[in-house]
Amino acid sequence: MPSLVGSEMCIRDRAVTSYTGDGSALSGISSSLTPNAITSNTTATASNHYFLNGTGITLTLPSSPSAGDQVGITEVAGNTDGVVARNSSNIMKDASDLNIDTAFTVITLMYVNASIGWAFA
């Protein structure tokens, strides 16, 4: 039976809750993003949430995003070697890929414009 250990913190008046475990016991979570568990390199599409379940996975962002497009990413395998490839769009105004160097990271990216590119949402 999975066990979850939770913690809470507040970032800019927004509660953030994190848990350890496989998440199978969580309920009541709503999202407009479609969940996808992946175990190998994948190209993302907007309105999807990708659960990286393996080592060294690269998730490539969509190539022609529109303002407001969202992609969710959760590292569920406890690894620190995932990559979010920018696919020629900036990430937070930076022309670099995003390294997932913290196990169990949960992020949502929203495309803003050509200058900012993908921003943490």
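Strands of a sheet pair through backbone hydrogen bonds, either parallel or antiparallel. Within this sheet, strand 6 (residues 58–60) and strand 8 (residues 82–85) run parallel and are joined by three bridges. Thr-58, for instance, has Val-83 of strand 8 as its bridge partner.

The sheet belongs to a chain whose secondary structure consists of eleven strands and zero helices. Read from the N terminus, the elements therefore follow one another as β-β-β-β-β-β-β-β-β-β-β. Of the contacts between residues at least 6 apart in sequence, 42% join residues at least 24 apart.

The interior may be considered next. Of the 121 residues in the chain, 28% are buried. The largest nonpolar core has 17 residues, and Val-71, Ile-73 and Val-84 touch the most other members. Strand 5 (48–52), strand 7 (70–75), strand 9 and strand 10 (106–113) each give two or more residues to this core. Strand 10 supplies the largest share, with three residues.

Val-84 illustrates how residues from separate parts of the sequence meet. Beyond its neighbours within four places in sequence, Val-84 is in contact with Leu-59, Leu-61, Ile-73, Ile-91, Asp-97, Leu-98, Ile-100 and Leu-109. One of these partners, Ile-73, is also among the core residues that touch the most other members.

A search of the whole structure finds one aromatic pair. Its rings belong to Tyr-111 and Trp-118; their centres are 5.5 Å apart and their planes stand at 70°, so the pair is classed as edge-to-face. Are these two residues buried or exposed? Tyr-111 is buried because its relative accessible area, 11%, falls under the 20% cut-off. Trp-118 likewise counts as buried, at 0% relative accessibility.

Finally, the confidence of the prediction should be kept in view. The mean pLDDT of the chain is 84, and 74% of its residues reach 70 or more. Over residues 1–17, however, the pLDDT is below 50, although this stretch has 26 contacts in the model beyond near neighbours in sequence. Where pLDDT is low, the predicted coordinates should not be read in detail.

Technical notes:
Residues numbered from 1 in each chain as written. Predicted model: local features only at pLDDT ≥ 70, side-chain atom pairs only at ≥ 80, totals over all residues. Heavy atoms only, no water. Helix = DSSP H or I, 4+ residues; strand = E, 2+ residues; numbered from the N terminus. Buried < 20%, exposed > 50% of the residue type's maximum accessible area, 1.4 Å probe, protein only. Contact = heavy atoms within 4.5 Å. pLDDT = per-residue confidence, 0-100. Pairing = 2+ DSSP bridges. Core = buried A, V, L, I, M, F, W, Y, C linked by side-chain atoms within 4.5 Å. Phe/Tyr/Trp six-rings, centres within 6.5 Å; stacked < 30°, edge-to-face > 60°.
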